[in-house]
Amino acid sequence: MSLPKLDSFTGANGALHTYDANWTDLFSTTLSISGNKVTAGGPSCGIWTGDTFNDDQYAQCVTDATSRGGPAARGRQAGDSTADWYMCYVDQAVSGDLRLYKIVDGSLTLINNFGTLAAAATWRLEAQGSSLRIYKNGVQQGSTQTDTAIATGSAGVTPYSGGTFDDFEGGNLAVASPFFFTIGASHRA
Amino acid sequence: MRYYVVPKIGDGLGIDTAFRPKYTDPGSLGVGWNVGPVQAMDYGLENVFLVALNLDATQHATLAAQGDVLSVPNPITDLVSAVALPTVKTKLEAGNIPADWVTTALTYKQVLSRVMRIIQFMQRFHGLFGQLFAGGMTLDTRINQIPIAQRNNLRDAAVSLGADTSAIVGTTLIRAALVIVADQLFVNGLPFGDTTF
């Protein structure tokens, strides 16, 4: 296994963890594959546990007109029956809102309601330190948000209120290289 | 952009009832009420939010008139007025946000800056350990009055954010400990609303 993890969910209809045992359900509802997309019948989050993510990570997926949820960052099991994760909530199906939530011990708290920005698009959620950023088709939406509740975990997808999602990508955020050239210096041995 | 401290509503059980700032739901202050985009900072498991909203003058007046809302005056670069000082302190303290340090020598921006950092520490504490103010604990509880496990939780939450807790001793009050930790956080600035604090 290696990151970034890409998954187009091309497989037989059925439980996501049957399709690939490295997808782990964090919440009470099991994710499933239907028509080569991932979906769920209720509040849910699936994280990729086939690799270890850095704390600074991203998750990305494609939404459609039915989607109510989106990419998830820093998902983790918090206790016997609770979980934590950051959720980019794209609600094209009902409100049209783009929102950012955190789920801590299974409870949802709003971080930002960006307004009616939902669309069928490629959505990316980045968690870097205490900074959270959402991108739609590569363009950052609104301003960077700050939250310190969840420091670590795995990337995934969260069909929190239903709908279908496709083309997951999750990985680590690039770290700036400390190596630099001194102009005019010789590098011969 | 205006800043407000408002109560928390919701039960956290679902999207429609998520913990969120009071008065930010469409229609919550009458027909046509819509605050638009909402930037919110929850205070962990305590019952208040700090929010940044872009309201017009009429909307602002409506929200500011609510008895359980602390509306931060504009511009935030103004000094805290003598008239506003008691209200600022009372409403922050009512939400378990220490405010004994607030004086008229500070600007509202300076007050918000420290309050936001206290809030961010409480978010980390919530994420790791749950609620701080439980079992009778108040802002005036001393560190050595807290059960050892909770004392260690406070320390570990602070250390996880890179803070040095060596200045916090047994006789330190919780209110002072929160400020000691908060003042070490976000040394490069904390963006919220349209400002970096």
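**Figure 1. A:R74 and its salt-bridge partner A:D56 in the predicted model.** A:R74 is buried, with a relative accessible area of 1%. Its side chain forms a salt bridge with A:D56, and the closest N and O atoms of the two are 3.6 Å apart. A:D56 lies in the loop between strand 6 (46–48) and strand 7 (57–63) of chain A, while A:R74 belongs to strand 8 (residues 68–77), so the pair ties together parts that are 18 residues apart in sequence. A:D56 is partly exposed, at a relative accessible area of 27%.

**Figure 2. The salt bridge of A:R76 and A:D84.** The two side chains meet at 2.8 Å, N to O. Both A:R76 and A:D84 are buried.

**Figure 3. The salt bridge of B:K22 and B:D68.** The N to O distance is 2.8 Å. B:K22 sits in the loop between strand 2 (20–21) and strand 3 of chain B, and B:D68 in the loop between helix 1 (57–64) and strand 5 (70–71) of that chain; the pair links distant parts of the chain, 46 residues apart. B:K22 is partly exposed, with a relative accessible area of 26%, and B:D68 also counts as partly exposed, at 31%. Elsewhere in chain B, salt bridges that share partners join B:E93, B:D100, B:D140 and B:R175 into one network.

**Figure 4. Surroundings of A:L100.** A:L100 lies in strand 10 of chain A and is buried, with a relative accessible area of 1%. Apart from neighbours within four places in sequence, the residues in contact with A:L100 include A:M87, A:C88, A:L110, A:I111, A:L125, A:L132 and A:I134. A:F114 is another of these contacts; the C-alpha atoms of A:L100 and A:F114 are separated by 8.0 Å, and the two residues are 14 apart along the chain.

**Figure 5. The interface of chain A and chain B.** Here 27 residues of chain A are in contact with 24 residues of chain B. The two chains bury about 2,000 Å² between them, 50% of it on carbon and sulfur atoms. A:L110, A:T146 and A:T148 supply 28% of the area that chain A buries against chain B, more than any other three residues.

**Figure 6. Polar and strand links across the interface.** The count is 10 residue pairs in polar contact. On the side of chain A that touches chain B, strand 11 gives the largest share, 8 residues. That side divides into 11 nonpolar, 11 polar and 5 charged residues. Strand 11 of chain A and strand 3 (residues 38–42) of chain B run antiparallel and are joined by 2 bridges; A:N113 has B:V38 as its bridge partner. Across the interface there is 1 salt bridge, in which the side chains of B:D42 and A:K102 meet at 2.6 Å, N to O.

Methods:
Residues are numbered from 1 along each chain as its sequence is written. Chains are lettered from A and ligands numbered from 1 in the order in which they are written. This is a predicted model: local features need pLDDT of at least 70, side-chain atom pairs count only at pLDDT 80 or more; totals for chains, interfaces and linings use all residues. Side-chain values use heavy atoms; hydrogens and water are left out. Contact means heavy atoms within 4.5 Å. Buried area is the accessible area (1.4 Å probe) that two parts lose on being put together, summed over both. A salt bridge is a side-chain nitrogen of Lys or Arg within 4 Å of a carboxyl oxygen of Asp or Glu. A polar contact is a pair of N or O atoms within 3.5 Å; within protein, one must be able to donate a hydrogen and the other to accept it, and residues adjacent in sequence count only if both atoms are side-chain atoms. Helices (H or I, at least four residues) and strands (E, at least two) are DSSP runs, numbered from the N terminus. Ala, Val, Leu, Ile, Met, Phe, Trp, Tyr, Cys and Pro count as nonpolar, Asp, Glu, Lys and Arg as charged, and the others, Gly among them, as polar. Two strands pair if DSSP finds at least two bridges between them. Buried means under 20% relative accessible area, exposed over 50%, partly exposed in between (1.4 Å probe, protein chains only).
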